[in-house]
Each structure stands twice: as C-alpha cells, then as structure tokens.
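Q: Could you take me through a close look at one part of this model, the sheet and the helices that pack on it? I would enjoy a connected walk through it.

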Amino acid sequence: MKTRLARHWISGVMIGLTYLAAVLATLPLLLILAHLLKKGATSLSLSFFTSMPKPVGEAGGGMANAIVGTLILIGIACMIGLPIGIGAGIYLSEKRSRPLAQSVRFLSDVLNGLPSIVMGIFAWEFLVRPVGHFSALAGGAALGAMMIPLVTRTTEEMLKVVPISLREAALALGYPRWRTSLSVVVRTALAGIATGALVAVARIAGETAPLLFTAFGNQFWSTSLREPIAALPLQIFTYAISPYDEWHAQAWAGALVLISIVLVISLAARLVTRSRFGAPVD
Amino acid sequence: MLQSIEVSSGARVIPRVVAPRAAEAREAVTPGKPCIITSHLWAFFGDAPAIKDISMVVPQQAVTAIIGPSGCGKSTLLRCINRMHETGPNTRVDGQVEILGSAIYGDETSPTAVRRHVGMVFQRPTPFPAMSVRTNVAAGLRADPKSRLAKQNVDEIVEEALHRAGLWEEVKDRLNESAMTLSGGQQQRLCIARTLATRPRVILLDEPTASLDPLSTQKVEELVYQLRETVTVVIVTHNMQQAARVSDRTAFLLAGELIELAPTNGLFTAPTDPRTEAYITGRFG
C-alpha cells in the first residue's frame, strides 16, 4: 500500500502533466497570433480595409476587394450549406433508423473527410467548365458543399439531445408532428444549431484549395457573382509566394484579418451557446 | 396492512385531506354519467400485447386511479385514451375508446384533435426549455392557431390556468423568465397549467409525482383533488397510498388485464379478487 505522501506526490505529477498538455494545446494558436501581430500589424491600417491592391513598387494599397470577396463567398456558402445542412440534420434526427437516414449519415461523414481540393475540382468540373469562366458562385458553391456535412451532423447531434419527453409533451398538447418538430424540438435546439452553423462558417472561411480554380481571385474590384472574385486566402497565397517584400508584408496583414474574422465568428458561436443557458428566448 | 395505509398516508403526507373525505365522500360516489368507455381495448408493442381486452367505464368529474405492478400496462392504458400509444414505433391498438360519446378510434377522428381535448401530464416535468413561463402555459393554445382558444386573450387564459394549478402566486412576477428556472414541483404544476389552459374535458396523469419531493407531491395531490370538480381525471400511480388519497375509483391492472375496478375505499378495504388483495397487502409487486 502506498503511503499518503507518495499518493500526493503522484497526484501532483499527474496534474502537472495535464497542465503541461493543456498549455501545449493552446501554444500553437498563441504563437501564430503573436507572430501574425508582429509581422502583420505594421501593415495594417485603415487603408488596408478601404483601398485596392497597388501594383508592385507603389507604396500602400490594401485588400478591400479580397475582404469583401471573402464575405460574399461566405454568404453564398451559407445560402447553400445552411438550408441543406440543417434540413438534412432534421431529417436524420426525425427518421433516425430509416435505411436512407443511415446511408445519409454515413455519406456525410465520408464527405466531411473529403480533401477540400477534391471539392474544388468537383466544383470546377460542374460549375466552371460548362460556363467557361471562373466565378464567385462556383467558389461559394464549393465552400457551401463543404459546409453541408458539418452542419448536417452538428444539427443532428443537437436535435438528438432534445429529450423524447418534450416531443411527447408537444404531441399530447395536440401539436401536429411537423409543428412538434419545428416549434418544440428545433426551437429547443436552436442555439446549438446556430453554434454548429457558425463553427462551420469559421471552418470554411479560411479554405484556399476549393477556391483555387473556382473563385480564382481577382486583382480588381468585383462583386459580381458571375465573375472571378478576390478572396483573402487566395490573395494571401498570391502575395506570399511573390518575390516582393511589400507584398509579403501585405500577406501577413491579410492573414491577420482572416484569422480575426474566424476569431470573431468563433466568439459569436460561444456567445450564442451561452445565451442558451441564460435569459429565455421569446 | 389496511390500517397502515390509512395511518401512514394520513400521518406522513396529507393529514387534512384523507381523514374527513375517506368516510363520507368515497362511499357516496356513485358513478356519474360515463366519461370514458373503453371496449375490448388491446394495445400492442410489436406482437406483444401490453393491455388485453380492457373494457371499463370512467365516470365524469371524478378521479380514477390506475394501480398495478411495474409493466402491467398502466401507462399504456392511459396512453390509449389520448391516442399517444400509437406515436411509438411498432405499436397498434385494437378495440374502441369513447370519450363523452365520441369514438376516438373512428376512421374520421384525427389523433391531434383527440389530444387537444384530452390533456396529459407525464412522470417527469416537461416544460419547453426555449420558452418562458408564459409561453409554456400558452403553448397548447397554439397547437391549433385557427381554434377558438387561440383567438381569445392569451394573458387571461394563462393567468386563469396558473391560478387553477395553484402556481400563480409563485410565478406571477416571473412570467417572462425561462421555465427552467422553476423548481421541479413548480415545473410539474406548470405542465398541469399548460394542460388546463386548453380547457380539456379529461386530464390523464402518468405518475405525476414520481419525480417530486413530498411537499410538491402534496401540492399536486391537492390540485388533483380540486380538479375533479371541473374535469375528469385518470391518474396512474405506483403509490397505493396516493391512489387512496386522491381517487374516487381505482382500477387494478395485472399483466395487461383489468382485474378489478371499484370505488377506491371498497377496493382497498374489501377487494373482491384475491389477486387484488395480494397486491394491496404487499404480497407481490
């Protein structure tokens, strides 16, 4: 039998190890943030958000088009990914054991693991080649397709934890089945579903591969959905592999903006989750 | 044993209700007009019958308790009365149930319409977490937005329902708070208020106090006792003392069969079937 002292000692060491692991887990993010701040903050100014890229050799310039482009691409992706993903998630939770539900569940997991470059090729094949040119729409669709399995699965998980007893209570009040699903089950899980959606958005916001041959990037101002559109990840890629120092600096600033967008979305997701346990909705 | 039922129930939980009522009221109950009539009712899970050929009459404006050991089909019988049984997978109902003269298993009867007139409260409180106290109580009114009730003054209905459930004083300043902030006993009375708001003719209670502490149990029991003045109540309970305290008539179920249905006092003091006697004297179950 171990002495009390030995047990204290072992306990201390084990707790210390888990602390260490916890610190190591957050270290990469902290290092990246610190490095980005150091390298990117100097090039970051108001004009970075408002002005267009300048040709090599000219001072200043910004990524206004890429920032707007990324937001537009996220918008298109949400319009495609959220309705389909949430709808499929509701189906999976309502008809859990149907053979179709089981295959949809399996296929979404496969789709979730699909390399994003493959998604890009797929979008190119069906949305770029037949039309003959790159477009914001194709890029948004590729990102939207990536969102679908993520949103589907989180929606299903959030709905699954709504207890059966709530569904029964609503049915016993005389709610038709569809109204039970929407106004009780989905409504109870709404905060969770919103969180899942925001996490999916954060995940695709920084994707580069699916945009390479769909949205393609654009050095000029364009908000047209049928034209190639600039996007932060693409712009960062282009600038980072260029040989010009001022472009490198801009790439760092772009990376900082991109990570800030993702951070803001993640924080929003946290806030939404918290409100679920706070004040009542309605 | 019988004495111990009286004594322990009286002393432990509600001294004031049991004593005066047991003598006069119970004996006096002659079944009024029938409210619920089940005829040759069978309910199945897959191929296995959970209740077998139950024919019984539940009188209006009285409390009828259903007792019996676990798995005897008490809850299933209850859930056949508002067509909830068929919401489970692989379930089937045979036979007929009439409520106030209408056959609820008719070809043209919609289950949702039946459930709007027959309220149900479950073992565990089921307030809707995403709704406030007020919207919870009003939830049933919105089951059918076209109905007469949905057009009336919702606030008045909510207040009246909360009064009837004896919860108004406790929650009148918290109507906009989440229903989850209430205690378990308050949540259960909220569920009763939610059911009352739709003005049902019948209320089914499925072990409504099983998850409550003794004080909350007492409040719910007093409420059930008052409810019988306006609605017909059927209550499933595991607790024989509770059946003795709140009900006018008691049905004893065993392995899916209705063994005996009699005035509560009679059933507990002089059961006609030996199996009933064995159960209430604690020889099994």
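**The sheet of chain B**

A: Let's begin at one residue pair: B:T64 has B:V234, in strand 8 of chain B, as its bridge partner. A word on the basis first: this is a predicted model, in which local features need pLDDT of at least 70, side-chain atom pairs count only at pLDDT 80 or more, and totals for chains, interfaces and linings use all residues. Residues are numbered from 1 along each chain as its sequence is written, while chains are lettered from A and ligands numbered from 1 in the order in which they are written.

Strand 3 (residues 63-67) and strand 8 (residues 232-236) of chain B run parallel and are joined by four bridges; two strands pair if DSSP finds at least two bridges between them. Helices (H or I, at least four residues) and strands (E, at least two) are DSSP runs, numbered from the N terminus.

Stepping back, the open sheet of chain B has six strands in the order 6-7-8-3-9-10, with mixed pairing. Its edges are strand 6 (118-121) and strand 10 (257-263) of chain B, each pairing on one side only. From one strand to the next, the twist averages 15°.

Now the helices. Helix 9 (residues 184-197) of chain B lies across strand 6 and strand 7 (202-206) of chain B, at about 170° to strand 6 of chain B. Angles run from 0 to 180 degrees between N-to-C directions, with axes as lines fitted to C-alpha atoms, for helices over the stretch in contact. Helix 10 (residues 214-227) of chain B packs on the sheet, touching strand 3, strand 7 and strand 8 of chain B, and its direction makes about 145° with that of strand 8 of chain B. Contact here has C-beta atoms, placed from the backbone, within 7 Å.

Notes:
Two residues are in contact if their C-beta atoms, placed from the backbone, lie within 7 Å.
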